[in-house]
Amino acid sequence: MIRLLLKIVGAKKTIEVGVFKGYSLLLTELTIPDDGRIVAIDPDREAYEIGLPVMKNGSRPPVPGD
């Protein structure tokens with residue numbers, strides 16, 4: 001469903017609120033164009049750190065300064 005919605009609206013920039021395991025973050029990364037950008041935030045630092053490996057091992061390099 002997320003992938004379909006991202007394609008329908010032609011999303012290039014997204015905000016991921018609540019990272020946890022990073023599943024939707026990874027799905028978003030694989031769906032948006034290569035020049036797209038994802039900002040991921042989670043108010044719970046522990047939950048954010050659970051999803052951190054997914055963010056670090058994604059297929060795109062991080063944006064410098066982020």
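1. Arg45 and Glu49 lie four residues apart in helix H3 (residues 45–56), so about one helical turn separates them. The two form a salt bridge, with 3.0 Å between the closest N and O atoms. Arg45 is exposed, because its relative accessibility is 53% and the cut-off for exposed is over 50%. Glu49 is partly exposed, with a relative accessible area of 41%. The model is a predicted one, and the remarks below should be read with that in mind.

2. The count of salt bridges comes to two. Besides the pair in helix H3, Asp35 forms a salt bridge with Lys12, where the closest N and O atoms are 2.8 Å apart. This pair links distant parts of the chain, the two residues being 23 residues apart. Asp35 sits in the loop between H2 and strand S2 (37–41), while Lys12 sits in the loop between helix H1 (2–9) and S1. As to accessibility, Asp35 is exposed, with a relative accessible area of 53%, and Lys12 counts as partly exposed at 40%.

3. Thr14 belongs to strand S1 (residues 13–17). Is Thr14 buried or exposed? Its relative accessibility is 14%, and since buried means under 20%, Thr14 counts as buried. With neighbours within four places in sequence left aside, Thr14 is in contact with Leu6, Thr28, Ile32, Arg37, Ile38 and Val39. Of the elements already named, helix H1 (2–9) takes in Leu6, and strand S2 (37–41) takes in Arg37, Ile38 and Val39. Thr28 falls in helix H2 (23–31).

4. Phe20 deserves a look at its backbone: phi is positive, at about 45°, although the residue is not a glycine. Phe20 is found in the loop between S1 and helix H2 (23–31).

5. Leu26 is placed in helix H2. How far apart are Leu26 and Val54 in space, C-alpha to C-alpha? The distance is 6.9 Å, although the two residues are 28 residues apart in sequence. Val54 falls within helix H3 (residues 45–56), the helix that also holds Arg45 and Glu49.

Technical notes. Residues numbered from 1 in each chain as written. Predicted model: local features only at pLDDT ≥ 70, side-chain atom pairs only at ≥ 80, totals over all residues. Heavy atoms only, no water. Buried < 20%, exposed > 50% of the residue type's maximum accessible area, 1.4 Å probe, protein only. Contact = heavy atoms within 4.5 Å. Salt bridge = Lys/Arg side-chain N within 4 Å of Asp/Glu carboxyl O.
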